Amino acid sequence: MNRKAGFTLVEIMVVVVIIGLLAALIGPRLIGQSEAAKVTAARAQIKNLQQSLELFHLNNGFFPTTEQGLSSLVVKPTMPPEPKNYQRGGYLNSKTVPRDPWGNDYLYICPGEDGDYDIISFGADGREGGGEGAADITNWN
């Protein structure tokens, strides 16, 4: 009798069931890590914006106004108060102000309610407030 080497249908089904179980156990953990990574990235971007704002302040003696916004970190503001010692090339390594990891602009308010200025990302839902993954991320917490 001539038997060909190969897998039986039962062996293939066992492997498929094992792969399915592993995906069911590991998949949700990976999905949850994606949102946690975005929150971490938003916090890092806010820290970078804070450092750039502090350098702007050191050079010019004031923080950009709310109207001037975070764009004043990449382009010299032309509305008053105009910075006298604006750093050549701006204050960010990029030529644009980054958006938060969910694709939304950061909200910048100066003077802030919780310090010299406030920087806020509204999180995953893009709206003020929210809990867990949709919670606001700010420079003061």
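**Ground rules.** I am working on a predicted model, where local features need pLDDT of at least 70, side-chain atom pairs count only at pLDDT 80 or more, and totals for chains, interfaces and linings use all residues. Residues are numbered from 1 along each chain as its sequence is written, and side-chain values use heavy atoms, with hydrogens and water left out.

I started with helix α1, which covers residues 9–60. My helices are DSSP runs of H or I with at least four residues, my strands are runs of E with at least two, and both are numbered from the N terminus. Val14 sits in α1. I looked up its cover: Val14 has 43% relative accessibility and counts as partly exposed. The cut-offs I use are under 20% relative accessible area for buried, over 50% for exposed, and partly exposed in between, with a 1.4 Å probe and protein chains only.

Val14 belongs to a nonpolar surface patch with Val10, Ile18, Leu22, Leu25 and Ile26. Together these residues have about 570 Å² of accessible area. Areas come from the Shrake-Rupley method with a 1.4 Å probe, and for residues only the protein chains shown count as cover. Patch members need over 30% relative accessible area and no salt bridge; like charges are joined within 9 Å, and nonpolar side chains (Val, Leu, Ile, Met, Phe, Trp, Tyr) within 5 Å.

**The sheet.** Next I traced the strands. Three of them make an open antiparallel sheet in the order β1-β2-β3. The edges are β1 (107–109) and β3 (137–138), each pairing on one side only. I call two strands paired if DSSP finds at least two bridges between them. Strands of a sheet pair through backbone hydrogen bonds, either parallel or antiparallel.

I then went through the bridges. β1 and β2 (residues 118–121) are joined by three. Ile109 has Asp118 as its bridge partner in β2, and Tyr108 stands opposite Ile119.

Which way do the β2 side chains point? I noted Asp118 and Ile120 pointing one way and Ile119 and Ser121 the other, with all of them buried. In a regular strand the side chains alternate between the two faces of the sheet.

Thr138 of β3 is buried too, at 8% relative accessibility. Setting aside neighbours within four places in sequence, I find Thr138 in contact (heavy atoms within 4.5 Å) with Ile46, Ile119 and Ile120.

**The core.** What is at the middle of the largest nonpolar core? I looked for the members that touch the most others. Out of 20 residues, these are Leu53, Leu73, Tyr108 and Ile119. The top contributor is α1, with five residues. A core here is a set of buried Ala, Val, Leu, Ile, Met, Phe, Trp, Tyr and Cys residues joined through side-chain atoms within 4.5 Å. Beyond four places in sequence, Leu53 touches Phe63, Pro64, Leu70, Leu73, Tyr108, Tyr117 and Ile119.

**Salt bridge.** I found one in the structure. Asp105 and Arg99 meet through their side chains, at 3.5 Å from N to O. My criterion is a side-chain nitrogen of Lys or Arg within 4 Å of a carboxyl oxygen of Asp or Glu. Asp105 is exposed, as its relative accessible area is 53%, and Arg99 is partly exposed at 45%.

**Cis prolines.** I logged the bond from Pro80 to Pro81 as cis, with omega near -5°. Pro81 lies in the loop between α1 and β1. The bond from Cys110 to Pro111 is also cis, with omega near 0°, and Pro111 is in the loop between β1 and β2.

Is Tyr86 buried or exposed? Tyr86, in the loop between α1 and β1, is buried at 17% relative accessible area. Its contacts beyond four places in sequence include Phe56, Asn60, Leu73 and Tyr91. From Tyr86 to Gly103 I get 17 residues in sequence and 28 Å in space, C-alpha to C-alpha.

My last stop was Asn141, in the segment after β3. Asn141 is exposed at 56% relative accessible area. Asn141 and Asp114 are 27 residues apart in sequence, and their C-alpha atoms are 9.8 Å apart.
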